[in-house]
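Biologist: Can you put the model up? I have some questions about how the chain is arranged.

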Amino acid sequence: MTASPHLDYLRQCLSLAERSPPRPTNFRVGAILVSRKDGDLDFSDDRILSTGYTMELAGNTHAEQCCLSNYAAVHSVPEDKVAEVLPSEPDRKLVMYVTMEPCGKRLSGNVPCVQRIINTREGGRPGIQKVYFGVKEPGTFVGESEGCKMMTAAGVQWRVVNGLEREILTVATAGHENKEEEIKAALDQVETNLDDVSDEEKQRQAQIPRNPKKRGDI
């Protein structure tokens, strides 16, 4: 990998997102589930477990949902039982990369992606411990995003990886009538909104280098 493994993963997620059909009623997003060895600073021992993108599977499916459903299918369990088959190794952790902040609510009534991530930790399982994403979810469909707030409350760490905002938003909004306005509004707010998270999370986020080429936080 190059000097910024986080950006490398987001570029892979972006390539997945480009496979999603453009629609006026959703964002095109890509996701990758990774098993990472503790202390592996260059991520050389990473294992990609599954991938997914918006509407990859039948129905109005989101990228994170497809990523977890694909893993569940490979292990012959229904998607709501994926937590039971995710690997749990003492010296490794599960992280997810996704182009956009996982959704905290859905107008369709389907389970939000953040809740699916949180559910991987049910029964005391470690599940997905950290989520990396490139942009916050714009308020186009559900208003102010709730994803980061929900992850913090559930003990799931998260980090915004800067550097691909315009590319991610351009792909995500393909098919939207007011695409340019959406992109501009989102780019005006590329910094993480720390008002939505706990004091502990504010402190943690404040210590994260804003330069994505710095790899001190994994």
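This is a predicted model: local features need pLDDT of at least 70, side-chain atom pairs count only at pLDDT 80 or more; totals for chains, interfaces and linings use all residues.

Biologist: Sheet first. What is the strand order?

Modeller: The order is β2-β1-β3-β4-β5, in an open sheet of five strands with mixed pairing.

Biologist: Which strands stand at the edges?

Modeller: β2 and β5, the latter spanning 157-160. Each has a single partner strand, so one side of each has no neighbour in the sheet.

Biologist: And how much are neighbouring strands turned against each other?

Modeller: By 20° on average, with direction ignored.

Biologist: Take me through the pairings. How do β1 and β3 run?

Modeller: Antiparallel, with seven bridges joining β1 (residues 30-37) to β3. R36 stands opposite K93 in β3.

Biologist: Then β3 and β4, parallel or antiparallel?

Modeller: β3 and β4 run parallel and are joined by six bridges. M100 is opposite V135 of β4.

Biologist: What about β4 and β5?

Modeller: Those two run parallel as well, with four bridges between them. Q157 in β5 is the bridge partner of K130.

Biologist: How many residues of β4 are buried?

Modeller: Seven of its eight, so β4 is mostly covered.

Biologist: Which strands does α1 touch?

Modeller: α1 packs on the sheet and touches β1, β2, β3, β4 and β5. Its direction makes about 145° with that of β1. α2 packs on the sheet too, touching β1, β2, β3 and β4. The direction of α2 makes about 130° with that of β2.

Biologist: Pick I128. What does it touch?

Modeller: Leaving out residues up to four places away in sequence, I128 touches L33, L68, L94, V95, M96, I117, T120, R121 and V156.

Biologist: What follows α4?

Modeller: G155, and its phi is positive, near 85°.

Biologist: Changing topic: how many salt bridges does the structure hold?

Modeller: Seven. One of them joins R47 and E89, with the closest N and O atoms 3.2 Å apart. R47 is in strand β2 (residues 47-53), and E89 is in the loop between α2 (63-74) and β3 (92-100), so the pair links distant parts of the chain, 42 residues apart.

Biologist: What does E79 pair with?

Modeller: R116, in a salt bridge of 2.8 Å, N to O. E79 lies in the loop between α2 and β3 and R116 in helix α3 (residues 113-119), so the pair ties together parts 37 residues apart in sequence.

Biologist: How accessible are those two?

Modeller: E79 is partly exposed, at 37% relative accessible area. R116 counts as buried because its 15% falls under the 20% limit.

Biologist: What else is R116 in contact with?

Modeller: Leaving aside neighbours within four places in sequence, R116 contacts Q65, L68 and V111, along with E79.

Biologist: And E101 with K136, where do they sit?

Modeller: They meet in a salt bridge at 3.6 Å, N to O. E101 is in the loop between β3 and α3, and K136 is in the loop between β4 (128-135) and α4, 35 residues apart.

Biologist: Buried or exposed?

Modeller: Both are buried: E101 has a relative accessible area of 2%, and K136 has 16%.

Terms used: Residues are numbered from 1 along each chain as its sequence is written. Side-chain values use heavy atoms; hydrogens and water are left out. A salt bridge is a side-chain nitrogen of Lys or Arg within 4 Å of a carboxyl oxygen of Asp or Glu. Buried means under 20% relative accessible area, exposed over 50%, partly exposed in between (1.4 Å probe, protein chains only). Contact means heavy atoms within 4.5 Å. Two strands pair if DSSP finds at least two bridges between them. Axes are lines fitted to C-alpha atoms, for helices over the stretch in contact, and angles run from 0 to 180 degrees between N-to-C directions.
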